[in-house]
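Here are some notes to read with the model open beside you. They go from the overall layout down to single residues.

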Amino acid sequence: MRDLVQETRRLANASKLPVAIICKAADVKRRWYHRFLAGDFKEPGVNKITRLHQVLSENKSKAA
């Protein structure tokens with residue numbers, strides 16, 4: 001899970017999408033997203049991380 005969290009954080013930091021669009025597509029709250037990026041969660045929820053990773057990965061592949 002740690003690798004998925006790190007990769008998702010890396011994708012989020014590199015993304016050019018507005019936060020509001022990322023959060024809506026991944027079904028996460030903006031506050032949670034910002035706290036996730038700051039590393040505030042010892043063990044973030046796997047479902048949220050998976051959704052967020054999917055949204056960010058899809059965005060990356062479209063931009064490439």
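1. A definition to start with: helices here are DSSP runs of H or I with at least four residues, strands are runs of E with at least two, and both are numbered from the N terminus. With that in hand, look just after α3, where Gly-39 takes a positive phi of about 80°.

2. A word on where this comes from. You're looking at a predicted model, where local features need pLDDT of at least 70, side-chain atom pairs count only at pLDDT 80 or more, and totals for chains, interfaces and linings use all residues. Residues are numbered from 1 along each chain as its sequence is written, and side-chain values use heavy atoms, with hydrogens and water left out.

3. Now the overall layout. The protein has four helices and zero strands, giving the pattern α-α-α-α along the sequence. Its C-alpha atoms fill a box of roughly 30 × 25 × 20 Å along the principal axes. The radius of gyration (taken over C-alpha atoms, with a globule rule of 2.2 Å times the number of residues to the power 0.38) is 11 Å, which agrees with the value near 11 Å for a compact globule of 64 residues.

4. How much of the chain is buried? The answer is 28% of the 64 residues, where buried means under 20% relative accessible area, exposed means over 50%, and partly exposed lies in between (1.4 Å probe, protein chains only). As for contacts (heavy atoms within 4.5 Å), take those with a separation of 6 or more: 64% of them come from residues 24 or more positions apart.

5. Next, the middle of the protein. A nonpolar core is a set of buried Ala, Val, Leu, Ile, Met, Phe, Trp, Tyr and Cys residues joined through side-chain atoms within 4.5 Å. The largest one has 14 residues, and Val-28, Trp-32, Tyr-33, Phe-36, Leu-52 and Leu-56 touch the most other members. Helices α1 (2-14), α2, α3 (30-38) and α4 (46-63) each supply at least two residues, with α4 giving the most, four. In soluble globular proteins, nonpolar side chains tend to be buried together.

6. Which residues of α3 are buried? They are Trp-32, Tyr-33 and Phe-36. Down the axis of α3, the buried residues fall within an arc of 100° (taken from the directions from the helix axis to the C-beta atoms), so they line one face of the helix. Arg-31 and Ala-38 are exposed on the other side of α3. Trp-32 is worth a click: leaving out residues up to four places away in sequence, it touches Phe-41, Pro-44, Lys-48, Ile-49 and Leu-52.

7. Ile-22, Cys-23 and Ala-26 are its buried residues, and they fall within an arc of 95° seen down the axis, so they line one face of α2. Lys-24 and Ala-25 are exposed, on the face turned away from that buried side.

8. Asp-27 sits in the loop between α2 and α3, and its phi is near 60°, a positive value in a residue other than glycine. Asp-27 is also exposed, with a relative accessible area of 56%.

9. Thr-8 is a polar residue to check in helix α1. Thr-8 is buried, at 0% relative accessible area. Its side chain reaches the backbone oxygen of Leu-4 at 2.7 Å. Leaving out residues up to four places away in sequence, Thr-8 touches Phe-36, Ile-49, Leu-52, His-53 and Leu-56.

10. Last, the charged pairs. How many salt bridges are there? The count comes to two, a salt bridge being a side-chain nitrogen of Lys or Arg within 4 Å of a carboxyl oxygen of Asp or Glu. Arg-10 and Glu-7 form one, at 2.7 Å from N to O; these residues are three apart in α1, or about one helical turn. Both count as partly exposed, Arg-10 at 40% and Glu-7 at 28%. Asp-40 pairs with Arg-35, with the closest N and O atoms 3.5 Å apart. Asp-40 is partly exposed at 44%, and Arg-35 is partly exposed at 32%.

Methods: A polar contact is a pair of N or O atoms within 3.5 Å; within protein, one must be able to donate a hydrogen and the other to accept it, and residues adjacent in sequence count only if both atoms are side-chain atoms.
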